[in-house]
Amino acid sequence: MFSELFWAYLIAISLLTVTPGVDTLLVMRNAGRGGFRDGCVTSVGICSGLFFHATLSALGISLLLLETAWAFSVLKWAGACYLVWLGLGSLRQAMKREGDTSEELPMVMRRRVSLAVSFREGLLSNVLNPKTALFYMALLPQFVDASGSAFQQSLMLAGVHFLLAMLWQCGLAWMVVRFRGMGVGVGVKRLLNGLTGGFFVAMGARLAVN
């Protein structure tokens with residue numbers, strides 16, 4: 001297993017991890033909302049969803065899902081609705097007017113959410129993303145040794161992806177908090193929420209019509 005296949009997978013998954021997307025923006029948005037902890041817990045939720053997709057891929061359920069038009073449509077619409085819901089939440093925060101005293105307070109003190117909320121947002125973002133299911137169905141089998149257990153290898157490869165994505169996304173969360181500590185104000189926070197919200201809504205609409 002630790003042969004050319006593994007190193008090829010490592011390169012492919014590293015490139016995928018650092019490519020900006022919905023997960024990246026969600027971690028950055030939540031880090032701006034509640035600090036480093038919020039961003040990291042969101043990342044744990046996102047990365048935990050990888051094991052879900054790896055399991056489906058190993059068991060062949062993903063193939064069944066792709067061959068069943070109505071089931072794939074349900075997954076696609078669920079993912080689209082969730083993205084739009086996240087986007088509207090970000091846009092609402094972007095348009096929310098805060099009092100003058102809020103400008104002087106750290107952002108982390110103005111918007112606290114529970115760890116469960118952060119984890120759930122990340123997990124659902126990943127699990128309800130049909131593109132992730134498609135990616136895992138197309139990619140993982142290419143790096144699984146036919147002589148070994150497909151299930152165990154798929155989970156191990158997902159574990160590698162988990163570690164890489166956690167390092168990258170937690171690093172992004174730290175950068176967001178770092179810039180915030182350098183005096184990034186509420187105006188920048190609103191701009192980030194606005195851009196993120198618009199991106200989520202656009203991605204959800206695109207996913208629904210494609």
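Biologist: Does aspartate 145 count as buried, partly exposed or exposed, and why?

Modeller: Keep in mind that this is a predicted model, where local features need pLDDT of at least 70, side-chain atom pairs count only at pLDDT 80 or more, and totals for chains, interfaces and linings use all residues. Residues are numbered from 1 along each chain as its sequence is written, and side-chain values use heavy atoms, leaving out hydrogens and water. Buried means under 20% relative accessible area and exposed over 50%, with partly exposed in between (1.4 Å probe, protein chains only). Because its relative accessibility is 30%, aspartate 145 counts as partly exposed.

Biologist: How far apart in space are aspartate 145 and phenylalanine 6?

Modeller: Aspartate 145 sits in the loop between α8 (130-139) and α9 (150-181). In sequence, 139 residues separate aspartate 145 and phenylalanine 6. From C-alpha to C-alpha, their distance in space is 9.8 Å.

Biologist: Within what arc do the buried residues of α1 fall?

Modeller: The buried residues of α1 are Phe6, Tyr9, Ile13 and Thr17. Seen down the axis of α1, they line one face of the helix, because they fall within an arc (directions from the helix axis to the C-beta atoms) of 65°.

Conventions. Helix = DSSP H or I, 4+ residues; strand = E, 2+ residues; numbered from the N terminus.
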